[in-house]
Amino acid sequence: GVVIAKHLTIGEAVGPEKQAFVIADLSTVWVDLSVYQKDLAEVAVGQPVRIHAVQAGPDAGGTIAYVTPVVDQATRTATARVVLPNADRKWLPGMFVTGHTLDERGAAVAIPPTALQRLDGKSVVFVETPDGFAPRDVTLGREGETLVEVLSGLAPGERFAVKNSFLLKAELAKGEAEHDD
């Protein structure tokens, strides 16, 4: 193990009621993820998870080993625990991490988030038309690390702007401003 805390000073008397040191085996670590109450139905023991440490820290894959059976009254979250191997000690207790469950369910239409823009308070995608690109309202579903599900507004196979759609939005706003003059 490794000493991770020392609770005494030089010359201090130590008795059986006082914890002098905390020693931990860091060859595996627990990653406790807060899961919002609304998302609990989507989280289960055995589900694959991708863990990312912030600020270019390590990444790892694991599975959910435990989900608390109660929701914390203050935060309205439950805890999903992932146990990670840590032989090289790249995971340190107290690190800030995020976790993404990996959902194998398919979607009829899924697009990268770079294709989405907000226009008049709605999510839009710029779809290719014979006259160029035109904004189209879309209804979004589940969000993953790299894709967002589109429930309606975009059909499979339709061509749309994947990158730099903010330029199309800017051109649209510029055109509307010119018509207002």
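**View A. Thr77 and the residues around it.** Setting aside neighbours within four places in sequence, Thr77 is in contact with Ser34, Val35, Tyr36, Val70, Val71 and Asp72. Keep in mind that this is a predicted model. You'll find Thr77 in strand S6, which covers residues 77-85. Is Thr77 buried or exposed? Its relative accessibility is 12%, so Thr77 counts as buried, the cut-off for that being under 20%. Look also for Thr75: its side chain and that of Thr77 are joined by a polar contact of 2.7 Å.

**View B. The largest nonpolar core.** Here we're looking at a core of 15 residues. Val31, Leu33, Ile51, Val82, Leu84, Trp91 and Val97 have the most contacts inside it. Two or more residues come from each of strands S3 (28-36), S4 (48-53), S5 (59-67) and S6. Which strand gives the most to this core? That's S3, with four residues.

**View C. Zooming in on Val82.** Leave out residues up to four places away in sequence, and Val82 still touches Val29, Trp30, Val31, Leu33, Val49, Ile51, Gly62, Thr63 and Ile64.

**View D. A second core.** This one is separate and has 10 residues, among them Val109, Val125, Val148 and Val150.

**View E. A nonpolar patch on the surface.** Val3, Phe21 and Ile23 make up this patch, and together they have about 310 Å² of accessible area. Take Ile23, which sits in strand S2 (residues 21-24). Its relative accessibility is 60%, so Ile23 counts as exposed; the cut-off for exposed is over 50%.

Notes. Residues are numbered from 1 along each chain as its sequence is written. This is a predicted model: local features need pLDDT of at least 70, side-chain atom pairs count only at pLDDT 80 or more; totals for chains, interfaces and linings use all residues. Side-chain values use heavy atoms; hydrogens and water are left out. Patches are made of residues with over 30% relative accessible area and no salt bridge: like charges are joined within 9 Å, nonpolar side chains (Val, Leu, Ile, Met, Phe, Trp, Tyr) within 5 Å. Accessible areas come from the Shrake-Rupley method with a 1.4 Å probe; for residues, only the protein chains shown count as cover. A salt bridge is a side-chain nitrogen of Lys or Arg within 4 Å of a carboxyl oxygen of Asp or Glu. Buried means under 20% relative accessible area, exposed over 50%, partly exposed in between (1.4 Å probe, protein chains only). A polar contact is a pair of N or O atoms within 3.5 Å; within protein, one must be able to donate a hydrogen and the other to accept it, and residues adjacent in sequence count only if both atoms are side-chain atoms. Contact means heavy atoms within 4.5 Å. A nonpolar core is a set of buried Ala, Val, Leu, Ile, Met, Phe, Trp, Tyr and Cys residues joined through side-chain atoms within 4.5 Å.
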